[in-house]
Amino acid sequence: MEATITITVDGRQRTVAVDTRTTLLDALRDRLAVTAPKKGCDHGQCGSCTVLLDGRRVLSCLALAVAHDGAEVVTAAGLDNDRLRETFLDNDAFQCGYCTPGQLCSAAGMLDELKAGWPSAVTDGEPTLSASEIRERMAGNLCRCGAYVGIVAAIQEAGR
Amino acid sequence: MTGMIGTALPRRDGPAKLHGTAPYAYEHDVEHPAYAHLVQATIARGRVTGFDLSAANALDDVLAILTHENAPRLEDTGNAELAVLQDDAVAFRGQVVAVVVAETPETARQAANAIQVTYDSEPHETRLRADDAGLYTPEKVNPALPTESSQGDVESALASADVTVDEVYTTPMEHNNPMEPHTTVAHWDGDRLTLYDSTQGVHPLRSAVASLFGLDEDRVRVVAPYVGGGFGSKGQPHAPVALAVLCARHLTGRPVKLAITRQQMFSLVGYRTPTIQRIRLAADHTGALTGIAVDVVEQTARVKEFAEQTATPSRSMYAAPHRRTGHRLAELDVPVPSWMRAPGECPGMFGPEVAMDELAQRCEVDPIALRIRNEPELDPDSGKPFSSRNLIGCLEDGARRFGWDARDPRPRTRLEDGWWIGTGVASSTYPVHMSPGSVAEIRYTADGRYEVAIGAADLGTGTWTVLAQVAADRLDVPVDRVELRIGDTDLPNATVAGGSSGVASWGSAIADAAGAFRDKFGTDPAAGDEASGRTPDLSETFAMRAFGAQFAEVAVHADTGEVEVRRLLGVFAAGRIVNPRTARSQFLGGMTMGLSMALHEQSVMDHRYGHVVNHDLAEYHIATCADVRSLEAHWLDETDEHVNPLGTKGIGEIGIVGTAAAVANAAWHATGVRVRDLPITPDRFL
């Protein structure tokens with residue numbers, strides 16, 4: 001069964017027919033040729049598909065496309081945060097680049113959450129932009145190349 | 001020379017990767033693709049007796065279902081791992097027995113799940129045992145090394161030694177798990193086949209596919225400009241690429257996309273064999289080794305032999321007059337093992353480097369002093385001089401940076417806030433490889449740029465950046481005048497990105513081409529001038545290896561046994577470093593994977609059914625951002641003119657070698673508990 005939805009992707013309104021079983025990730029990649037979000041596990045276990053959905057970081061492989069008619073999606077391609085890109089490049093915070101779009105969207109979402117005062121499992125008092133807060137909050141975005149040291153440094157720099 | 005070699009140039013592929021616009025295999029723009037999904041065997045050994053395809057065929061939009069009954073015949077079935085859908089035999093659980101192609105990925109998956117397969121099942125064996133009656137000695141070990149080595153009389157040395165260590169160490173089955181699942185987009189267009197593939201080598205893959213399907217190589221093009229990690233699992237062709245090509249041949253004219261799932265990666269794209277390592281060391285009371293014996297038992301698959309070279313690093317590490325190494329294999333009903341980052345060295349430096357720590361403990365000698373005491377003058381294996389060997393330099397520099405001198409050698413003496421704290425050290429090593437056969441071409445363009453072309457691969461290793469640096473350096477031009485082209489069989493031949501040989505093999509070819517270009521055209525070339533170069537032959541005068549030392553600080557929770565690696569510091573002697581920025585990432589990345597191996601990684605086989613039960617990233621744990629605290633990589637300035645024209649030794653793999661031993665040694669120092677079986681999980685300490 002198909003359904004037609006309209007979503008805004010990186011500032012552009014797109015109308016598309018999707019199988020009702022289609023995830024937001026597959027709708028983006030297969031139906032709309034928006035391939036910045038990556039498929040690493042398709043089960044919400046790796047973070048490679050992270051996008052900002054109505055402003056919050058979300059695993060697009062766990063979202064059904066039909067459930068998000070009218071939503072606004074921002075991917076790494078449209079992310080308005082060149083500062084993060086700059087600090088990722090400076091700190092060599094990626095190697096193969098496959099997890100990187102998800103890391104960037106997750107980092108942007110995480111910095112907003114921190115700014116809003118949301119606590120994490122390691123928060124003691126007011127949350128600050130410490131390395132341990134970043135490590136904890138980014139633990140859902142796996143990087144098999146092992147660029148974590150650079151990722152933490154890049155986010156800390158960009159968030160200052 | 002512009003001095004570009006040695007410059008910390010930021011990654012040239014950075015902007016594309018940081019916008020998510022660098023195309024990986026699945027993402028190339030092909031017209032009107034069809035989607036494939038695999039059906040896997042649910043028995044570990046036996047025969048397929050039939051298929052019920054009715055429910056799958058009843059679905060709209062199913063384009064084809066291929067099984068051994070109707071799949072096109074392959075030309076060359078010599079590599080049984082690639083000889084897919086050619087007969088009814090099932091040799092391991094998870095083997096592909098059918099593939100569905102449909103108009104959408106959802107339908108392909110639904111149809112695959114709707115196929116009923118019946119089997120005639122036979123008893124299977126998937127458990128690796130050191131006392132397996134069927135153990136055999138392979139003719140050689142990966143890539144083509146002698147299975148056994150022997151000098152002197154190691155048994156007598158053990159019998160007469162002041163101090164001995166005789167222990168068994170194990171490493172588990174581990175899966176590479178690059179973030180990008182293996183993907184092929186295959187398209188037959190007329191008589192030409194184009195593959196967009198996640199591969200570590202476009203030319204080797206082309207050769208394999210051409211022979212499998214009986215094609216001339218010039219009719220096959222393989223394209224892979226960006227690869228989402230590989231760690232060896234994309235180094236050799238595996239079954240999915242053959243299946244994608246079969247589907248595309250069946251649906252000629254229609255591109256077929258086959259992206260395997262994370263779960264399928266646990267049975268189809270290789271893994272590291274479990275190893276059982278009996279390590280025996282004989283020494284005098286000062287710790288001077290008189291004997292080293294390493295006997296390894298590991299597994300291979302009934303489908304195809306792969307013999308990991310686990311015992312080989314012990315042949316060159318330490319001096320001892322009496323020594324022996326050997327490998328024995330159990331042929332099991334399991335998926336085919338293959339390369340995983342530093343095959344041989346990575347598992348093979350766990351047992352011996354923990355054993356050295358045990359020897360240090362028994363002789364009451366500092367672990368660093370013990371290693372220095374056993375430094376060989378010549379390579380103990382070949383008798384040749386080392387082209388360079390700076391293990392002692394790495395140990396001493398690392399000790400200084402890490403603060404080793406302040407260490408109390410006694411275990412279980414530091415309890416802080418409920419955590420036992422300890423430190424440990426281990427050596428790293430990796431052989432220097434350079435593969436023959438790569439060709440580079442350099443062409444001067446009308447707008448004053450140098451096009452440098454070679455079919456090399458960048459899996460995150462930095463190839464896009466460092467090969468441009470090599471070209472700029474050797475042409476003596478600014479790097480922004482170099483336009484590098486890689487990852488396509490339309491470019492000159494390149495060898496596989498494996499064995500940490502990329503820069504040595506491809507970079508040397510580029511250096512040769514740059515020299516030829518300047519010889520021919522001087523410094524004022526005309527548009528269209530071009531020259532080519534080749535990888536030179538490897539010197540056989542010297543033993544050539546990179547070395548390193550890794551230091552770990554580990555905390556073990558006194559009540560829960562939770563293990564934290566609080567600090568990890570590595571110092572490497574790996575020849576000339578082309579780009580300090582990307583090189584540091586290679587070392588840190590290897591060490592991170594080593595930390596992951598130490599604490600987490602373990603594929604758990606359910607021997608009743610023959611499959612890996614923790615076959616996803618929720619249950620096969622790899623290190624996350626939260627696991628990696630203080631991590632540092634340093635290197636010695638090492639000049640080695642013998643290894644290759646660039647003086648590089650290869651850095652992609654050595655970072656993972658020795659890490660797990662350093663962590664295990666630190667965990668012993670923290671707690672007094674000697675862990676000889678990876679991973680180092682909390683239950684070991686309770």
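**Exercises on helix packing and the A–B contact**

In this predicted model, Arg83(A), Leu84(A), Thr87(A) and Phe88(A) of H2(A) meet Ala154(A), Glu157(A) and Ala158(A) of H5(A), a contact being a pair of C-beta atoms, placed from the backbone, within 7 Å. Residues are numbered from 1 along each chain as its sequence is written, chains are lettered from A and ligands numbered from 1 in the order in which they are written, and local features need pLDDT of at least 70, side-chain atom pairs count only at pLDDT 80 or more, and totals for chains, interfaces and linings use all residues.

**Exercise 1.** Describe how H2(A) packs against H5(A).

Step 1. The helices are DSSP runs (H or I, at least four residues), numbered from the N terminus. Their axes, lines fitted to C-alpha atoms over the stretch in contact, are 8 Å apart.

Step 2. The angle is about 140 degrees, on a scale from 0 to 180 degrees between N-to-C directions.

Step 3. H2(A) and H5(A) are therefore oblique to each other, since angles under 35 degrees count as roughly parallel, over 145 as roughly antiparallel, 65 to 115 as roughly perpendicular and the rest as oblique.

**Exercise 2.** State how many residues of chain A and of chain B are in contact, and which helix of chain A supplies the largest share.

Step 1. Chain A has 45 residues in contact with 42 of chain B.

Step 2. H1 (24-31), H2 (82-90), H3 (100-115), H4 (131-137) and H5 (148-159) of chain A each supply at least two residues of the side touching chain B.

Step 3. The largest share, 5 residues, comes from H5(A).

Technical notes. Contact = placed C-beta atoms within 7 Å.
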